[in-house]
Structure formats: C-alpha cells, structure tokens
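Here are my notes for someone opening this entry for the first time. Please keep the structure in view while reading the points.

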Amino acid sequence: MTCYAAQVNYLHAFHAGNFADLVKHAALLRLMAALTAKGPPLTVIDTHAGRGLYNLVGPEARKSGEAEAGIVRLMQAKDAPAEFAPLIEVVSGLNAGGAVQRYPGSPWLIAEAIRTADRYIACELRPDEHEALRGVLRGRQNVRTLCKDGYATAVVECPRDGRVLVLIDPPFEQPDDYERIVETLVSLRRRNRTAQALVWLPIKDLETLDSFLRDLEDEVAAPMLVAECRMKPLADPMKMNGCALVLMDGPDLAEPFAAIGGWVAQALGAGGDGRAYALTPQ
Ligand SMILES: C[S@@+](CC[C@H](N)C(=O)[O-])C[C@H]1O[C@@H](n2cnc3c(N)ncnc32)[C@H](O)[C@@H]1O
C-alpha cells in the first residue's frame with residue numbers, strides 16, 4: 001500500500017504530552033504491565049503510531065502549550081495516583097531527571113514494555129512521521145514499522161492464534177474513523193477470537209460517543225470496558241472536552257482506568273471527572 005502524505009494533515013507534535021496523552025499512555029502502560037506479567041508471547045499492533053518520541057521544546061509544542069498543561073503539571077504533582085508512576089518513570093528517564101523536554105509516544109512505551117519473545121508492529125501513514133519513527137525504533141529486536149494504513153494492516157498482520165493487543169489511536173480527521181474502528185474490531189475478532197484492543201476517542205459531544213458505543217454493543221461480540229475523562233462540561237461540541245478509552249476483552253482494569261481519568265480530569269481539568277464502566281455486547 002502506498003503512503004499518501006496528503007491524506008493526513010494532523011501532526012501529533014502539537015498535542016504530545018497533553019491531558020489526553022497522559023490518560024492514554026498511563027492506561028497503556030498499566031495494560032502492558034498486566035499483559036506482559038506472565039503468559040505466552042504477545043503481538044502488539046499500533047494502528048496510528050506517530051513518530052515515537054516528541055520534542056516538547058520545538059515550535060509545535062511551544063505554540064500549543066498543551067504539554068505545559070499536561071505532562072509538565074503531572075511531573076510537578078504531589079498527589080498523582082500510583083497508576084501514573086510508570087509513565088513518570090519513563091519521562092524522567094528520557095529527560096535525565098531534569099526539565100521535561102522529551103515525551104514518549106506509544107511506540108516508545110510499547111517497545112520498552114515488550115518482552116524478548118513479544119513482537120511489536122507500528123503503522124504510521126505519514127512518510128515524514130514514519131521516517132522519524134523508524135529512526136526512533138532502529139535497532140530494537142522484534143519491532144517492525146510500516147508506512148501503511150493502520151486499520152487494514154492491523155487485520156492483515158493480526159495472528160490467527162495467540163495473544164494480540166491492537167492499539168487504535170486515530171486523529172479523527174476523517175469522517176469515517178468511528179466506522180472504521182468498529183469494522184476493524186469486528187474483523188480482528190473474526191480473525192482471532194481472543195484479540196484484545198485499546199481504542200482512544202475524543203469526547204466533544206455525548207451523542208457522538210454514545211452512538212459509537214451503541215455500534216460497538218451491536219456489532220462487536222466482546223466484553224468492553226469504557227473509561228471516560230471529562231475535563232469540563234460538554235458545553236461546546238467543537239472543542240475536545242475530554243477523552244475516552246475502550247478496552248476490548250482486556251483484564252479487569254476498571255479501577256486503575258477510573259483513577260487515571262479521574263485524576264487527570266480533577267487536577268488538570270475545569271470541573272471535570274472520570275469514570276469507568278462495562279458495556280454489555282448484544
Ligand atoms: C494521535 S496520533 C498517534 C499518537 C500515538 N499513538 C501516540 O500515542 O504516541 C495519530 C497518528 O496517526 C497517523 N495516521 C493518520 N491516519 C492514519 C492511518 N490511516 N494509518 C496509519 N496512521 C495514520 C497520523 O499521521 C498521526 O501520526
């Protein structure tokens with residue numbers, strides 16, 4: 001499949017280390033710890049990988065100020081729950097314990113978390129971001145990067161047997177992202193009936209989230225955990241008012257995921273809160 005740079009305008013460098021990354025990455029590390037604590041080899045497929053490592057003193061991060069309101073505040077916080085300790089440790093290590101200038105993306109976190117028998121496949125559609133990703137992950141064992149569409153590639157690369165976790169973290173620039181997530185989850189489960197997935201979603205207005213969750217309940221025959229982090233009242237549907245995670249057929253992480261979303265919403269938001277609840281497939 002060809003890489004079409006023009007298809008993607010989104011650049012995660014503007015958003016790296018923001019509140020939504022903290023929720024996603026703290027939850028991802030908690031999940032990776034559970035999945036790699038024991039058990040047979042695990043394949044991790046990252047459908048929308050990004051560049052792997054972000055410069056927080058570059059023009060994009062400076063312009064948005066999102067990391068200042070996110071990871072910089074987490075690193076200074078005295079009351080963050082234990083669920084953030086693994087992320088804080090990685091960020092401290094990347095910055096030699098000093099000011100936060102570098103922030104890890106999902107590829108860095110996953111590549112650090114896998115065991116020697118596990119595999120990691122990272123998909124990134126933008127050629128420039130993919131090139132950077134290749135450099136960041138160069139020399140790692142059992143790691144492949146692909147400059148391909150992540151939705152289609154996840155299904156093709158999903159092993160038919162054995163343990164697989166798929167991380168789906170699109171920029172939601174395309175109108176069909178929600179539909180493609182549902183299709184991808186359905187196809188993954190057809191290919192491997194034990195496939196697990198972690199999906200990141202923005203919360204702008206409630207109906208968009210609710211209709212996506214209804215589609216999941218109708219079409220994906222697997223247990224789901226939903227964790228919401230609402231940063232503020234959903235008064236303006238044009239703004240990102242929070243974010244949510246959906247964990248398909250994962251271990252029971254309701255408590256840690258609620259703690260992660262709750263702290264981010266209360267400490268970094270404006271009158272927000274977090275919660276986690278199960279969806280029941282039809
Ligand atoms: C939200 S960012 C990913 C952040 C990354 N998962 C992390 O946590 O560090 C989304 C990325 O997906 C890429 N992208 C957009 N559409 C894609 C597609 N169909 N397949 C693969 N990558 C895509 C964008 O270029 C962007 O780098």
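How many bridges join strand 6 to strand 7, and do they run parallel or antiparallel?

1. The model is a predicted one. In it, strand 6 (residues 163-168) and strand 7 (residues 196-203) run parallel and are joined by four bridges. Within this pair, Val-166 has Ala-197 of strand 7 as its bridge partner.

2. Helix 1 (residues 19-36) packs on the sheet and touches strand 1 (42-46), strand 6, strand 7, strand 8 (224-230) and strand 9 (242-248). The direction of helix 1 makes about 20° with that of strand 9. Helix 7 (residues 150-157) also packs on the sheet, where its contacts are strand 1, strand 4 (119-123), strand 5 and strand 6. The direction of helix 7 makes about 155° with that of strand 4.

3. The sheet itself is open and has eight strands in the order 5-4-1-6-7-9-8-10, with mixed pairing. Strand 5 (143-146) and strand 10 (273-279) each have a single partner strand, so one side of each has no neighbour in the sheet. On average, neighbouring strands are turned by 15° against each other, direction ignored.

4. Strand 8 is joined to strand 9 by seven bridges, and the two run antiparallel; here Val-226 stands opposite Val-246 of strand 9. Seven bridges also join strand 8 to strand 10, again antiparallel, and Ala-227 has Ala-276 of strand 10 as its bridge partner.

5. Seven of the seven residues of strand 8 are buried.

Definitions and conventions: Residues are numbered from 1 along each chain as its sequence is written. This is a predicted model: local features need pLDDT of at least 70, side-chain atom pairs count only at pLDDT 80 or more; totals for chains, interfaces and linings use all residues. Two strands pair if DSSP finds at least two bridges between them. Axes are lines fitted to C-alpha atoms, for helices over the stretch in contact, and angles run from 0 to 180 degrees between N-to-C directions. Two residues are in contact if their C-beta atoms, placed from the backbone, lie within 7 Å. A residue is buried if 20 or more other C-beta atoms lie within 10 Å of its own, exposed if 12 or fewer, and partly exposed in between; C-beta atoms are placed from the backbone.
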